[in-house]
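Hello,

Here is the structure I said I would pass on. My notes follow below it.

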Amino acid sequence: MIDNLPAPNRPRSASVFLVALLLVATVGLATAAFARSAPPPVDVMLVDLPREAQDLFVLIGKGGPFRYSRDGVSFGNRERLLPLMPKGYYREYTVRTAGARDRGARRMVCGGPSKAPEACYYSDDHYQSFRRIRQ
């Protein structure tokens with residue numbers, strides 16, 4: 001009588017298990033990616049920034065001319081430290097560092113129209129942290 005019972009469908013059970021495992025992994029990765037997006041940067045008043053940053057902020061509003069060839073290129077926000085926006089929204093600029101042989105670590109990233117940005121952010125540690133600039 002035991003011989004008449006159908007054998008368990010092992011391939012189907014394994015497939016269901018793998019699909020469930022894949023679903024759990026996908027949801028976990030999506031949750032981790034969302035959790036990585038940082039809280040909004042703290043604010044800093046423009047007058048509290050170094051003079052070079054204040055001058056650059058004015059220059060951005062005028063559309064240049066800029067000192068460095070990389071000024072105005074697209075900033076990818078790969079670390080997601082800034083609010084998430086469509087690709088191409090942010091542009092980066094170099095804040096001059098007196099005595100530096102290269103571009104240094106200070107940057108300004110602005111989003112929105114190039115001559116009238118909606119928001120600008122200052123980083124003095126090469127994109128490790130940002131502060132939103134307020135006038």
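Where in the protein chain does L46 lie? The model is a predicted one, and in it L46 sits in the loop between β1 (42–45) and α2. L46 counts as buried because its relative accessibility is 14%, and the cut-off for buried is under 20%.

What is L46 in contact with, once its neighbours within four places in sequence are left aside? The partners are Q54, F57, I133, R134 and Q135. One of them, Q135, is 89 residues from L46 in sequence, yet the two C-alpha atoms are 5.2 Å apart in space.

On the chain as a whole: the protein chain has two helices and six strands, in the order α-β-α-β-β-β-β-β from the N terminus. Of its 135 residues, 27% are buried. Among contacts with a separation of 6 or more, 43% are between residues 24 or more positions apart.

Which element gives the most to the lining of the largest pocket? Helix α2 (residues 51–62) does, with four residues.

Regards

Key:
Residues numbered from 1 in each chain as written. Predicted model: local features only at pLDDT ≥ 70, side-chain atom pairs only at ≥ 80, totals over all residues. Heavy atoms only, no water. Buried < 20%, exposed > 50% of the residue type's maximum accessible area, 1.4 Å probe, protein only. Contact = heavy atoms within 4.5 Å.
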